[in-house]
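Here is a short report on selected strands, sheets and helix pairs. The sequence and structure come first.

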Amino acid sequence: MSDLTRLTAAELSAGLTAGEFTSVDATQAHLDRIAAVDGDVHAYLHVNAAALAEAEAVDARRAAGEQLPELAGVPVAIKDVLCTIGMPSTAGSKMLEGWVPPYDATVVERMKAAGLIALGKTNMDEFAMGSSTEHSAFGPTRNPWNLERIPGGSGGGSAAAVAAFEAPFALGSDTGGSIRQPAAVTGSVGVKPTYGGVSRYGAIALASSLDQVGPVSRTVLDSALLHDVIGGHDPKDSTSLKDAWPSFAEAARAGKRDGSLKGLRVGVVKQIAGGEGFQAGVTQRFGESLELLADAGAEIVEVSAPNFEYAVAAYYLILPAEASSNLAKFDSVRFGLRVTPEGGGTVEQVMAATREAGLGDEVKRRIILGTYALSAGYYDAYYGSAQKVRTLIQQDFSNAFEQADVLVSPAAPTTAFKLGEKLDDPLAMYLNDITTIPANLAGVPGIGLPMGLAPEDGLPVGIQFMAPAREDARLYTVGAALEQLLEERWGGPLLSQAPDLAASSMLAVSDGAI
Amino acid sequence: MDFDKALELYEPVIGLEVHVELSTETKMFSSAPNPAAKGNHSAAPNTQITPVCLGLPGSLPVVNEKAVRYSISLGLALGCEIAPTSRFARKNYFYPDLAKNYQISQYDEPIAFEGSLDVELEDGTVITVPIERAHMEEDAGKLTHVGGATGRIQGAEYSLVDYNRAGVPLVEIVTKPIFGGEHRAPEIAKAYVATIRDIVRALGISEARMERGNLRCDANVSLRPRGQEKLGTRTETKNVNSLRSIERAVRYEIQRQAVILAGGGSITQETRHWHEDTGVTSAGRPKSDADDYRYFPEPDLLPVEPSLELIEELRAALPEPPAALRRRLKADWGFGDQEFQDVVNSGLLVEVEETIAAGASATAARKWWMGELSRIANAQQVEPASLATPQQIAEIVVLVESGELTDRLARQVLEGVIAGEGTPAEIVEARGLKVVSDDGALIAAIDEALASQPDVLAKIRDGKVQAAGAVIGAVMKAMKGQADAARVRELVLERAQA
């Protein structure tokens, strides 16, 4: 049997259906891979002890002749921001260390109903605040392409797990780029669906008006398959859309057919297409991708979104404001960490001591920012203005989508930076999300996929497409089409060029501690 | 300082905030059973909860559509305009009874605003109270402070939290300042809350039991010297749990503030705590207009946008306004002014009305509620309505009126009803309280009584009919009271001549 961890989710599904191997085989292969490389990568915070038993149950149902959903028996990783019965759900915070929710997030329920096997929970920046996964209370995740580099964030764990073949695909969440930016810097694929397209119930909230759960994978088709499973209306989430959605897997397959890009208007967003802050290799690969698209019949147009300039500023008022309120519940009264000051104390003192000890610096920074932005006398100047900018950005999108069917930009301005490089410079860290934040502010969907390696450092760079709200299917079609063109050029998937971690882990050991 | 003197020097201005717990089946934002629903008030602590009530990470609120309908109905009954778009907002503050450390409420976009309510005082005077707004929100949990002498947080060793009440749907109704109440200000406050209670009961949207906290009132009181335009500093008195307390608390606050002002002092803007037992208020926490709750629109919920059709459907279904209803009931029941006013003032109008609707005569319904039930309730220090339902009382009345029960037996049946022994019919059966209507048994007892009292027999035969009383008494005693006295009397006279 070939190495099952090298197969895509679609290939695993086909192999399981054809009886070439069992879910136990596939699950065991991934558990072995986790055991071999996760000491270095640290993509997982928790590995599911029941994974093999769950795989056995699916195999038994298949053996009994039961008609199973398409992805039944395929393993998946879950970002630790999602609530799971039977597995701790910490959101990367000491505050929730060991907390096991009494319920599954809706997306987890749907994933289980589809017969997917949870491999475990993946690492993330604490409460999804960060772009490097260095803000996890449980230690950083490392980029499988270079263990000295960050895997992006906040969903660095899910992206690294997928890129390191520790899972075929994973669930993530994206508030300002937490799915797409890690995908860009690890050479994987990630999708932020239309706001309301996927239920947020059971996703530990960062900023409610921006958060969206989505898939992370190595291929566009795999993201589409997972999106089909988790998407759709959920009565437990009031902001969930009631639309009937088309099959995203079908949209991805359509992208691989000849002529799928013919006549498609691709709008290059002037303000986030390059320039200051964008690495040369990113700009170069972006230009080459646009040429490929044009050669395949797409019409490349330039569009302007003048208010994108203010997106990061507005985002860093809206997000902290909502987060300051969402995170108030972490007070030690009902669940999670409790720290009692020496000699006891009032409930206020216990709450303060707990939050002092249980929350990391970046979280505190944003809570303070947000509390300030909402305060009487400052609300209009900060939160109020930011909401106005948000409206202007939505108008920019509307105008742009009159000239283009999809918008395009690099998925991140740079390749993966070094661990620790931006830890003391929060503003530099925030600017890493300059390309991804506008989609969250407007609620439109975005996909990030690999567009090559930057010549200067040999690290992956990603491209992002954005579509009008509710037009997620368009992203899968365009994404799959470009993916096919690029892989033809590369002679295979980009990730097949990634270093062999099993070998590097030996090095790591001989080098001493990493 | 006495009340009249205080009024001579100062003009009282009051403002009232009334919280109404809606009796929907489930809570405002979750599928948890609502402890404010009928018959669900005594659940064990922390049993009526879901992850949403506890604010567990990842949980999300969903608006209870029925609570919105109830709120619109209430807004309409208060003469308010209903907002075509209203929004929920988060009110942020840390307190352990508030699971999320923010309350989902409404801030600058309430569902109902700009209304007015006609309130009838005991002497029939009608006062129009201006309503500023009515908005939807969720209730907080309940804290029990253990180890202190007073049961309050000061001095307590620890506190227990019960989240059953967390998320119970509330409508908060806020009046504009009420001017010109003068010496009637305390009575206006009481009558206003009583009227809201009548309205929400008539709408069937709240159990409206003040002693259970279904209806809560915070009374704002300020005084200004005669002739001064500018409003004085106000206090907000909380924990006022009965109609009577509202009147007393407002009256007390007027006198307390007058003493301070007349002595050259100034009023501290603060919440005050009403003490039912001592009849005074004590200082709570300072409250300034600068309290910063960092309100912002609740991003987990969409705006509430009721259709015009829905609003008109609810408007058409509104019950009669209380004042009109009273005029009609008084005429229907044929009560005199005083008789009717007594019922209104006792707060038992709804019970009497429902008892009549369930088949009792108006006179009997009034007699039972105002008499026996009020007496027992008073002795047990509970509300009469907590003792029995109008349907049960009506059933007893019907049994009496058909001759199956005597008044005395009926009181025993009521005793059984209060003890929870079942329906009146079941209690009659179980306790064997049926009137003996078997003439044979009665005649045997009468003959025996007459034989043992020959002197009485002689008197009756002499035409001294009132002498029969002694025999009737003996027979009734022999029958353990389960006989119709009128029939016994007939038979005694008949047998005496035999």
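Predicted model: local features only at pLDDT ≥ 70, side-chain atom pairs only at ≥ 80, totals over all residues.

Residues are numbered from 1 along each chain as its sequence is written, chains are lettered from A and ligands numbered from 1 in the order in which they are written, and side-chain values use heavy atoms, with hydrogens and water left out.

**Strand S5 of chain A**

Helices (H or I, at least four residues) and strands (E, at least two) are DSSP runs, numbered from the N terminus. Strands pair if DSSP finds at least two bridges between them. S5(A) and strand S6 (residues 213-217) of chain A run antiparallel and are joined by two bridges. S5(A) also pairs with strand S10 (residues 446-453) of chain A, in the antiparallel sense, over three bridges. There, A:Lys192 stands opposite A:Gly446.

Which way do the residues of S5(A) point? A:Val189 and A:Val191 point one way from the strand (residues 189-192), while A:Gly190 and A:Lys192 point the other way. In a regular strand, side chains alternate between the two faces of the sheet. All four named residues of S5(A) are buried, meaning under 20% relative accessible area with a 1.4 Å probe and protein chains only (exposed is over 50%, partly exposed in between).

**Chain B: overview and sheet**

Chain B has 17 helices and 14 strands. Its C-alpha atoms fill a box of roughly 90 × 55 × 55 Å along the principal axes. Of the 498 residues in chain B, 49% are buried. Contact means heavy atoms within 4.5 Å. Among the contacts in chain B with a separation of 6 or more, 68% come from residues 24 or more positions apart.

An open sheet of nine strands in chain B has mixed pairing and the order S2-S5-S6-S9-S1-S10-S11-S12-S13. Its edge strands are S2 (81-82) and S13 (280-286) of chain B, each pairing on one side only. Strands S1 (residues 10-21) and S10 (residues 215-225) of chain B pair in the antiparallel sense over eleven bridges. B:Val20 stands opposite B:Leu215 of S10(B). Helix H3 (residues 65-77) of chain B packs on the sheet, touching S1, S2, S5 (112-120), S6 (126-138) and S9 (169-175) of chain B. The direction of H3(B) makes about 20° with that of S9(B).

**Two helix pairs**

Axes are lines fitted to C-alpha atoms, for helices over the stretch in contact, and angles run from 0 to 180 degrees between N-to-C directions.

| Helix pair | Angle | Axis separation |
|---|---|---|
| H16(B) (residues 468-478) and H17(B) (residues 485-496) | about 125° | 10 Å |
| H7(A) (residues 220-230) and H8(A) (residues 248-255) | about 160° | 7 Å |

H16(B) is therefore oblique to H17(B). H7(A) and H8(A) are roughly antiparallel to each other. Angles under 35 degrees count as roughly parallel, over 145 as roughly antiparallel, 65 to 115 as roughly perpendicular and the rest as oblique.

The H16(B) contact residues include B:Val471 and B:Ile472, and those of H17(B) include B:Arg489 and B:Leu493. By class, this contact has nine nonpolar, no polar and one charged residue. Ala, Val, Leu, Ile, Met, Phe, Trp, Tyr, Cys and Pro count as nonpolar, Asp, Glu, Lys and Arg as charged, and the others, Gly among them, as polar.
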